[in-house]
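Hi,

Here is the structure we talked about handing over. Have a look, and then read on for what turned up in it.

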Amino acid sequence: MTSNPKNQKKNHIYIIKLLIVIGAFYFIYDRLANDKTLDWGKFGQLVEEKATFISIFILLLFSFANRYFEILKWQNLVKVIEPISIGESSKQVLGALTAGIFTPNGLGEYAGKALFFSKNETKKVIFLNLICNGIQMILSVVFGTIGLFILGYWTWSLAIIGLAIFLILFSFFTKKIKIKGHSIEKLIHKTNEIPKAIHNKNIGLAICRYLVFSHQYYFLFLLFGVDLPYITLISSIAAVYFLASSLPSFQFLDFAVKGSVAIFFFGKLGVNDWIVVFISTLMWFLNVVLPVVIGSYFVLTFKTNKKQK
């Protein structure tokens with residue numbers, strides 16, 4: 001008796017999808033269950049004291065807005081290939097987030113999004129995702145450098161500005177050098193091929209997302225009773241977000257990386273370490289775990305029979 005090759009392929013794909021979802025949930029469980037820095041008894045007590053319907057609603061609203069602006073960014077950029085609905089963009093963004101949770105710096109997201117398109121569009125999708133994530137990184141560098149300067153870390157700020165100037169000059173003088181057929185000049189040309197209106201909208205949505213994320217962080221500090229001037233707190237958040245984002249890490253380790261950097265900065269401001277750890281964990285849970293739970297559904301229901309163009 002011979003098995004049907006089509007059925008075999010479907011079974012293999014289903015197993016892969018199931019392994020991605022199981023792997024994502026295992027990494028989440030492992031981080032939460034085995035993190036020795038978390039005192040769950042104290043955490044539960046604090047949640048009982050601070051949690052109200054309004055505060056929970058506001059935090060969830062922040063998380064929704066954070067991902068929604070990312071979904072709008074992707075919908076805007078992917079118009080270069082084909083127009084998609086908000087629903088389809090949500091499916092691609094959240095499904096790719098789930099696929100990328102256990103890859104370094106979320107690199108799996110690039111492959112995850114590419115699967116929703118025909119093979120001949122793969123390079124375009126990866127490039128557009130680079131644009132999508134790149135503007136967010138640029139904003140974190142700009143705001144993070146300003147934050148460091150305000151906090152008095154002038155040497156760090158000047159070093160970052162100096163490095164940025166060096167990289168810009170280096171790119172200018174080496175833009176024609178090709179590596180495996182690719183060059184900075186070609187990358188700039190491809191970027192300029194995208195209509196200016198799409199770039200402008202992408203920047204606007206990225207700024208909105210950054211403000212939402214940073215102020216969710218700010219709201220949590222207020223909720224936990226941290227009494228610091230707004231400019232000091234928001235500058236520290238900008239510095240933490242920039243430096244933590246610059247370090248190589250996995251999505252499932254995101255809270256640990258941001259938590260350790262946050263302890264350094266907020267510890268100098270007199271904030272208790274355990275409050276910083278809890279806030280970093282909550283931010284990770286609200287902005288990574290919850291979207292991954294939703295994204296898992298899109299991974300499991302993903303259809304591979306995308307028509308080739």
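To start with a cysteine: is Cys132 buried or exposed? Cys132 is buried, because its relative accessibility is 0% (buried is under 20% relative accessible area, exposed is over 50% and partly exposed is in between, with a 1.4 Å probe and protein chains only). Cys208, on the other hand, is partly exposed, as its relative accessible area is 32%. There are zero disulfides in the structure, a disulfide being a pair of cysteine sulfur atoms within 2.5 Å.

Some ground rules. This is a predicted model, where local features need pLDDT of at least 70 and side-chain atom pairs count only at pLDDT 80 or more, while totals for chains, interfaces and linings use all residues. Residues are numbered from 1 along each chain as its sequence is written, and side-chain values use heavy atoms, with hydrogens and water left out.

Now the charged residues. The model has four salt bridges, counting a side-chain nitrogen of Lys or Arg within 4 Å of a carboxyl oxygen of Asp or Glu. Glu70 takes part in a salt bridge with Lys73, where the closest N and O atoms are 3.2 Å apart. Both residues sit in helix H3, three residues apart, or about one turn of the helix (helices are DSSP runs of H or I with at least four residues, strands are runs of E with at least two, and both are numbered from the N terminus). Residues three or four places apart point the same way because an α-helix has 3.6 residues a turn.

Glu70 also meets Arg209 in a salt bridge, at 3.0 Å from N to O. That pair links distant parts of the chain, with Glu70 in helix H3 and Arg209 in helix H9, 139 residues apart. How exposed are these side chains? Lys73 is buried at 0% relative accessible area, Glu70 is buried at 4%, and Arg209 is buried at 13%.

Lys91 and Glu88 form another salt bridge (3.6 Å, N to O). They are both in helix H4 (residues 86-99), three residues apart. Lys91 is partly exposed at 30% relative accessible area, and Glu88 is partly exposed at 22%. Shared partners join Glu70, Lys73 and Arg209 into one salt-bridge network.

On to the nonpolar side. The largest nonpolar core contains 41 residues, and Phe221, Ile237 and Ile279 are among those with the most contacts inside it. (A nonpolar core is a set of buried Ala, Val, Leu, Ile, Met, Phe, Trp, Tyr and Cys residues joined through side-chain atoms within 4.5 Å.) Helices H3, H9, H10, H11 and H12 each supply at least two residues of this core. Apart from it lies another core of 17 residues, including Trp74 and Phe117.

Last, the helices. H6 (residues 122-151) has 30 residues and reaches 43 Å from first C-alpha to last, close to the expected 44 Å, where the expected span is 1.5 Å times one less than the number of residues. Just after H6, Gly152 has a positive phi of about 100 degrees. The unreviewed UniProt entry annotates several stretches as "transmembrane region", including 51-69 and 274-300; its positions are in the numbering used here, feature names are shortened, and annotations may be inferred rather than shown by experiment. In the model, residues 274-300 are 100% helix, with end C-alpha atoms 37 Å apart, and residues 51-69 are 89% helix, with ends 26 Å apart.

Cheers
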